[in-house]
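Subject: Structure handover

Hello,

Here is the structure I said I would pass on. Please open it next to this email and follow along.

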Amino acid sequence: MGSVLIKNIKALYGIDESGAKIKAGSAMATLNALENAWLWIEDGLIADYGSMKDFDLFEERFMRVPGIDIKDASGRFVLPSYVDSHTHLVFSHSREEEFVMRIQGRTYEEIAAAGGGILNSAAKLRQMSENELLEGAYARLQEVMKYGTGAIEIKSGYGLTVEDELKILRVIKRLKLISPIEIKATFLGAHAIPTEFKSNRKAYIDLVVNEMLPKVAEEQLADYVDVFCDQGFFTVEETDLILKEAAKYGLRGKIHGNELGITGGVQVAVANNALSVDHLEHMGQEEIDCLKASTTMPVALPNCSFFLGLPYAPVRKLIDHGLPVCLATDYNPGSSPNGRMGFVISLACIQMKLTPEEAINAATINGAYALDLSDTHGSITRGKRGNVFITKEVPSLAYMPYSFGVPNVETAIIGGRTVAVNY
Ligand code: NIG
Ligand code: FE
């Protein structure tokens with residue numbers, strides 16, 4: 001736990017003392033800011049902030065702190081760290097051969113049906129030890145922290161055997177112990193039907209429900225459960241069964257739904273009180289109405305649309321219907337080999353017509369809701385974790401998504417400690 005004083009901040013964005021757990025509809029357009037500000041993080045928590053005009057009144061208090069870390073943020077903004085509520089960052093290898101196949105005309109679904117995709121990743125992951133997996137995942141985690149992520153969710157789902165699913169979840173558990181950022185683990189045994197169960201999918205669902213889930217619960221390896229509820233993957237009935245079984249162990253759902261079609265993923269997630277339903281590239285009015293009558297957070301993953309050439313989730317429409325929207329990276333080797341939240345925000349602005357303020361709210365406060373971290377993450381609020389980043393010298397907030405692909409995070413701070421400086 002560290003302490004840091006950041007002075008001369010051009011604008012401190014994301015201030016929220018309202019206690020609100022989400023921003024929905026028109027409220028998403030507002031990102032409260034204090035210009036010419038200071039921010040004081042003490043023992044890992046946001047202690048106070050204010051205007052530089054009144055700084056003299058506080059200076060004595062700060063100077064009494066031994067070894068105080070003082071940063072000058074002249075010309076730079078400070079924002080709450082991003083909360084990335086959907087990733088698969090424990091994986092074995094990259095899959096650029098499938099990327100080339102898609103360039104040559106094959107679709108994601110064709111490649112998956114032919115044993116590529118998730119099954120390709122599973123075959124490779126099964127060959128790797130827990131330590132090898134940890135090494136790769138740790139490096140990816142360091143990388144995303146460097147670019148402003150301050151809390152993250154990581155799913156299993158590339159094991160698809162009892163032993164290999166547990167192996168991934170144990171890697172996530174070790175990451176939780178060695179990383180300064182908050183990590184939530186999601187059990188995604190129902191990510192694809194493994195080849196050896198192709199002719200008997202019921203036997204695989206039984207394995208997920210009767211063998212994997214009890215072991216995951218016994219070792220306390222997961223915070224949530226996920227199912228890839230979509231055409232060619234798991235049906236609504238199978239998803240419903242898995243969600244109901246997981247609920248017996250106190251695991252709430254974070255569902256992959258409506259990526260490949262209007263398949264009932266939203267409805268089954270909402271009916272089971274899922275915390276979030278993610279992807280949503282295919283949505284009709286019924287799905288929107290269903291979300292309106294729920295507390296389930298809609299999560300969009302624009303990297304996946306960009307990378308696979310899918311439609312973008314109609315989040316502009318969702319917000320215009322008064323709904324909240326969350327953005328996440330979906331960092332994984334098949335549909336989003338990039339875990340930088342800054343690029344997600346650019347895509348949301350460019351392709352989904354979110355304003356920069358809406359996109360940042362979606363990537364911070366609403367991300368925190370999608371991980372049950374509303375009380376500690378996602379905004380500049382006294383008492384919340386001191387997870388913030390200082391931008392590079394940029395002319396305005398809108399410049400950040402405008403300069404797509406350019407990392408605008410200069411200093412990443414987690415719990416009051418500097419974890420990365422990018423020059
Ligand atoms: O969220 N859609 C399901 N799962 C991942 C991709 C998995 C893969 O292709 O490896 C996703 O896009
Ligand atoms: Fe995903």
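Does Gly367 count as buried or exposed? At 0% relative accessibility, Gly367 counts as buried. Please keep in mind that this is a predicted model. Gly367 belongs to helix 15, which covers residues 365–369.

Next, the metal site. The iron ion is ligand 2, and its protein donors are His86, His88, His256 and Asp330. Each histidine uses its NE2 atom and the aspartate uses OD, at distances of 2.1 to 2.2 Å from the iron. Along the sequence, the spacing of these donor residues reads H-x1-H-x167-H-x73-D. His86 sits in the loop between strand 6 (82–84) and helix 2 (96–103), while His256 is in strand 10 (residues 252–257), so this pair ties together parts that lie 170 residues apart in sequence. Both His86 and His256 are buried.

Then there is ligand 1. It has 15 residues around it, and those that come nearest are Tyr108, Tyr158, Glu259, Asp330 and Ser335.

In Tyr108, a side-chain N or O atom is 2.5 Å from an oxygen atom of ligand 1. For Arg95, the distance from a side-chain N or O atom to an oxygen atom of the ligand is 2.8 Å. Asp330 also has a side-chain N or O atom 2.8 Å from an oxygen atom of ligand 1. How much of ligand 1 does the protein bury? Taken alone, ligand 1 exposes 330 Å², and the protein buries 100% of that. The space that ligand 1 takes up is the largest cavity.

Last, helix 13. This helix spans residues 341–352 and is mostly covered, with 9 of its 12 residues buried. Among the buried ones are Met341, Phe343, Val344, Ile345 and Ser346. Leu347, Ala348, Cys349 and Met352 are buried in helix 13 too. Which residue just after helix 13 takes a positive phi? That residue is Lys353, with a phi of about 65 degrees.

Regards

Terms used: Residues numbered from 1 in each chain as written. Chains lettered and ligands numbered in written order. Predicted model: local features only at pLDDT ≥ 70, side-chain atom pairs only at ≥ 80, totals over all residues. Heavy atoms only, no water. Donors = N, O, S within 2.8 Å, 3.2 Å for Na, K, Ca; no water. Helix = DSSP H or I, 4+ residues; strand = E, 2+ residues; numbered from the N terminus. Buried < 20%, exposed > 50% of the residue type's maximum accessible area, 1.4 Å probe, protein only. Near = heavy atom within 4 Å. Polar contact = N/O pair within 3.5 Å; in protein donor to acceptor, adjacent residues only side chain to side chain. Areas by Shrake-Rupley, 256 points an atom, 1.4 Å probe, with all protein chains shown as cover. 1 Å grid on protein atoms, 1.4 Å probe; cavity = no way out; pocket = protein on both sides within 12 Å on 5 of 7 lines; lining within 4 Å. Sits in = over half its atoms within 2 Å of the grid points.
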